[in-house]
Amino acid sequence: MYQYRQMNIEDYEQLIELWQQIEGLGLSEADSKESIAYYLQRNPGMSFVCVDNEKIVGTILSGHDGRRGFIYHMAVAPGYRGRKIANTLVSQCLSRLKQERIMKCHLMVLADNEAGQQFWSKLGWMKRDTILLYSSNT
C-alpha cells in the first residue's frame with residue numbers, strides 16, 4: 001500500500017522529475033530547489049507526497065498566507081492515476097489548512113490543462129471567471 005507523508009526538501013530530485021513528466025503542469029524558476037526549500041520552511045507540514053516502494057508517485061504543494069490557502073503542483077504519475085491518490089493528497093492539505101483556521105483555498109490551473117480542470121471540477125471546486133490573475137517578476 002502507499003505511504004503518505006509530509007514533503008521535505010530531500011524529496012526535491014524526485015519531485016522535479018515527476019513534475020517534468022506531467023502535461024499541463026507549468027514549471028518556472030520558482031520551482032528551484034532553493035525556492036521549494038523556502039516554501040516548505042515557510043509552510044511547515046502543509047505539503048505531502050505519496051510514496052510507492054521509495055518512489056514518489058504523487059505530490060501536492062500547499063501553504064497559506066494567514067488568510068487563504070493555496071495549492072500548487074498536485075501531480076500523480078500517469079501509471080498511478082485512478083487510484084484516489086490525488087483525492088487523498090487534497091484531503092490531507094485541506095485538513096491541515098483547517099487546522100490552521102484557513103477556511104478557503106485557491107489553486108491555479110493552466111487554461112489548456114483540460115485534465116486538471118476536469119479533476120478539480122469533479123471534486124466540487126468552482127471555476128472563478130470573475131477574477132483575473134496579474135503577475136509581475138519582482
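Trainee: How many aromatic pairs does the structure hold?

Mentor: Four aromatic pairs. Keep in mind that this is a predicted model.

Trainee: What describes a pair of aromatic rings?

Mentor: Two things do: the distance of the centres and the angle of the planes.

Trainee: Which parts does the pair of tyrosine 39 and tyrosine 72 tie together?

Mentor: Tyrosine 39 sits in helix 2 (residues 33-42) and tyrosine 72 in strand 4 (residues 69-76), so the pair links parts that are 33 residues apart in sequence. Tyrosine 39 counts as buried, at 18% relative accessibility, while tyrosine 72, at 30%, is partly exposed.

Tryptophan 120 and tryptophan 125 also make an edge-to-face pair, with 5.0 Å centre to centre and 70° between the planes. Tryptophan 120 is buried, with 10% relative accessibility. Phe119, Trp120 and Trp125 form one aromatic cluster.

Trainee: Now to charges. How many salt bridges are there?

Mentor: The count comes to four. One of them joins the side chains of arginine 5 and aspartate 11, at 2.7 Å from N to O. Here arginine 5 is partly exposed at 25% relative accessibility, whereas aspartate 11 is buried at 6%.

Trainee: And are aspartate 129 and lysine 127 buried or exposed?

Mentor: Both are exposed. Their side chains meet in a salt bridge too, at 3.9 Å from N to O.

Conventions:
Residues are numbered from 1 along each chain as its sequence is written. This is a predicted model: local features need pLDDT of at least 70, side-chain atom pairs count only at pLDDT 80 or more; totals for chains, interfaces and linings use all residues. Side-chain values use heavy atoms; hydrogens and water are left out. Rings of Phe, Tyr and Trp (its six-membered ring) pair if their centres lie within 6.5 Å; planes under 30 degrees apart count as stacked, over 60 as edge-to-face and the rest as tilted. Helices (H or I, at least four residues) and strands (E, at least two) are DSSP runs, numbered from the N terminus. Buried means under 20% relative accessible area, exposed over 50%, partly exposed in between (1.4 Å probe, protein chains only).
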